[in-house]
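Here's a quick tour of a protein model, with a helix and some charged pairs to look out for. Have a look at the structure first, then work through the points.

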Amino acid sequence: MKRAIGTLGVAVLVGAGCGGEPKEGAGEGASGGTKSGNPLTAPVDYLGAVGQAQRQAAQVVDLSNLQHAIRTFEAGEGRRPGRLEELVEEGYLPRLPAAPAGQRFQYDPRTGSVGLVAQGGTP
């Protein structure tokens with residue numbers, strides 16, 4: 001009888017630790033977003049994070065290359081390019097990088113700044 005009560009007590013204690021509110025910070029990734037935390041989906045979650053990081057890195061590199069080409073054009077030509085296509089026409093870039101899906105490059109020839117905006121964003 002004591003053994004049955006002891007086993008029941010352990011089961012109650014173990015069950016008390018299950019469920020309830022998650023601990024603060026549990027299940028949050030480095031970016032603050034929630035992750036499933038499920039070991040079965042961990043490889044897929046990891047690959048998704050790696051893919052997202054690669055896309056963000058490519059965007060940073062593309063913007064950096066455009067900014068460098070604009071500065072080089074300005075130094076060589078004595079003026080800023082009137083449009084990004086001029087960087088290719090004058091040989092400062094082999095081709096313009098492709099903007100990510102749903103976005104486009106926005107260039108301001110007055111300031112020489114370039115950035116990414118949503119496809120429907122105003123120039």
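This is a predicted model, where local features need pLDDT of at least 70, side-chain atom pairs count only at pLDDT 80 or more, and totals for chains, interfaces and linings use all residues. Residues are numbered from 1 along each chain as its sequence is written, and side-chain values use heavy atoms, with hydrogens and water left out.

**Helix H2**
- Helices (H or I, at least four residues) and strands (E, at least two) are DSSP runs, numbered from the N terminus.
- H2 covers residues 42-77, and its 36 residues should span 52 Å at 1.5 Å a residue (the expected span is 1.5 Å times one less than the number of residues).
- Its end C-alpha atoms are 52 Å apart, which agrees.
- Gly51, Leu63, Leu66, Ala69, Ile70 and Phe73 of H2 are buried (buried means under 20% relative accessible area, exposed over 50%, partly exposed in between, with a 1.4 Å probe and protein chains only).
- Helix H3 (85-89), strand S1 (103-108) and strand S2 (113-118) are among what covers those buried residues.

**Salt bridges**
- Searching the whole structure turns up 4 salt bridges (a side-chain nitrogen of Lys or Arg within 4 Å of a carboxyl oxygen of Asp or Glu).
- Glu86 pairs with Arg79 at 2.4 Å, N to O; Glu86 is buried at 11%, while Arg79 is partly exposed at 39%.
- Arg83 pairs with Glu89 at 2.9 Å, N to O, and Arg83 is partly exposed at 39%.
- Arg110 pairs with Asp108 at 3.2 Å, N to O, and Arg110 is exposed at 68%.

Key. Contact means heavy atoms within 4.5 Å.
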